[in-house]
2 protein chains.
Amino acid sequence: MPAKRNLDRATVTLAAGIIADEFGIESVTLAAVAERLGVRIPSLYNHVAGLSDLRQAMAVLAAELLAEHVRRAAVGRSGDAAVIAIMDAYRAFAHAHPGLYRAVLRAPDAEETRLIAASQDVLDILLRVIESFGLRDGEAIHAVRGLRSAVHGFVDLEVVGGFGMPLDRDESFGWLTRTLIQGLHP
Amino acid sequence: MPAKRNLDRATVTLAAGIIADEFGIESVTLAAVAERLGVRIPSLYNHVAGLSDLRQAMAVLAAELLAEHVRRAAVGRSGDAAVIAIMDAYRAFAHAHPGLYRAVLRAPDAEETRLIAASQDVLDILLRVIESFGLRDGEAIHAVRGLRSAVHGFVDLEVVGGFGMPLDRDESFGWLTRTLIQGLHP
DNA sequence: TTGACAAACTAATCACATTAGTTTATGATA
DNA sequence: TATCATAAACTAATGTGATTAGTTTGTCAA
């Protein structure tokens, strides 16, 4: 008895995201997604154009969720507090959605408009906050890149289990954030 | 006419590394490695215990090369210059071996002593330099984590093509390094 | 009521990983 | 020198996942 109209691209993508968060990004196969949705593999092709398109859709979903998360954290704040809030929100998102978070970077096609827009949103939020610090020339761009590299690197190593020592990771992240913020003050 | 004794584990791993650097880590398949070595797929099983073992071997190779690279950069230097040299060497390695570099990030199995040792080497080199700055308590650990997160995040974003704007990336990396070094001075 | 369409399905094919079992070159030993 | 155990190659077969082609069947609108 085929042809029940419950599936769509968003539902398929969400299922993939849940699998990614729960079992890791490498466990996201069409077979796994189909099974979770109670459907045969080829049925997924009505909604996504194959595995790499599904990965692309996951990247877009992740980037948009992340941007929303960061936006909420930044609103109503400014200066050091805004930077800290953004960094913390970014990290919290990666913790809450480790699989989805990794999908952003693995996007097969980095040219996709929605993905670019959502990624740019995050950077713009950060850039606007940093510009208020009154840095000159391209220094604000360097700072944005530095902050983004730092958060990304930190959470990537965390998610992968790269920090062996038992010392509190929150404190390490605080040190990193504070140190970079000091570099924003001329 | 089988049985020519030229292959061994190191050769297979190296071939995989070259493929990874040239075409990306996801292009490392037993099929691709076998073809490059002019051999049938099952022959590889005489030297590695399957694809996931091959990935482990690549991680070990990468970690040891990276540690060696960083060690050479650090020797004979101290203070700020040592930190800068280490950061630059780390980044240069990732640029020279983008595929291998990504291979090292997988969480090491607890039994993989060589991988753990090589990874620890890099951290120890950094830790020894940083301890000379005279930070107190666990602060040296926070600093090591911060520096590592920063380099890793930066090169990961670079390799993935995450920096859209044309502003010089070397300068951005310099800003990041300098800013973190400032945090090492009490 | 019916017909077009969307969305499910089955079947077939291809690539890759893995295992089992076979062949052969090589190096040590009688 | 002959032979023999072994390591390293091979062929063959199996399983999983992705993909495409072609078929069936609900559903909605005319």
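Guide: Let us begin with helix α3 of chain B, residues 51–74, which has 24 residues and reaches 35 Å from its first C-alpha to its last, close to the 34 Å expected at 1.5 Å a residue. Here the expected span is 1.5 Å times one less than the number of residues in the helix, and a helix is a DSSP run of H or I with at least four residues, a strand being a run of E with at least two, numbered from the N terminus. Just after α3(B) comes Gly76(B), which takes a positive phi of about 85 degrees.

Before going on, a word on the source: this is a predicted model, in which local features need pLDDT of at least 70 and side-chain atom pairs count only at pLDDT 80 or more, while totals for chains, interfaces and linings use all residues. Residues are numbered from 1 along each chain as its sequence is written, and chains are lettered from A and ligands numbered from 1 in the order in which they are written.

Further along chain B, the axes of helix α4 (residues 79–96) and helix α6 (residues 113–131) come within 9 Å and cross at roughly 160 degrees. That makes α4(B) roughly antiparallel to α6(B), where angles under 35 degrees count as roughly parallel, over 145 as roughly antiparallel, 65 to 115 as roughly perpendicular and the rest as oblique. The axes are lines fitted to C-alpha atoms, for helices over the stretch in contact, and the angles run from 0 to 180 degrees between N-to-C directions. α4(B) passes α6(B) in a left-handed crossing, a crossing being left-handed if the near helix is turned anticlockwise from the far one by less than a right angle, and right-handed if clockwise. In this pair, Ala82(B), Val83(B) and Ile86(B) of α4(B) meet Ile125(B), Leu126(B) and Val129(B) of α6(B), two residues being in contact if their C-beta atoms, placed from the backbone, lie within 7 Å. By class, this contact has six nonpolar, no polar and no charged residues, with Ala, Val, Leu, Ile, Met, Phe, Trp, Tyr, Cys and Pro counted as nonpolar, Asp, Glu, Lys and Arg as charged, and the others, Gly among them, as polar.

Chain A has eight helices and zero strands, and its C-alpha trace spans about 70 × 40 × 25 Å along its principal axes. Within chain A, the axes of helix α4 (residues 79–96) and helix α7 (residues 139–160) come within 10 Å and cross at roughly 30 degrees. That makes α4(A) roughly parallel to α7(A), and their crossing is right-handed.

Now to the place where the chains meet: 29 residues of chain B are in contact with 29 residues of chain A. On the side of chain B that touches chain A, α7 (139–160) and α8 (169–182) each supply at least two residues, and the largest share, 14 residues, comes from α7(B). The residues of that side divide into 14 nonpolar, 11 polar and four charged.

One pair of helices shows this meeting in detail, for the axes of α8 (residues 169–182) of chain A and α7(B) come within 9 Å and cross at roughly 65 degrees. That makes α8(A) roughly perpendicular to α7(B), and α8(A) passes α7(B) in a right-handed crossing. Among the residues that meet there are Trp175(A) and Leu176(A) in α8(A), and His142(B) and Arg145(B) in α7(B).

Finally, chain B can be laid on chain A with an RMSD of 0.8 Å by a turn of 179 degrees and a shift of 0.0 Å along the axis. The two copies are thus related as by a two-fold rotation axis, the superposition being by least squares on the C-alpha atoms of residues with pLDDT of at least 70 in both.
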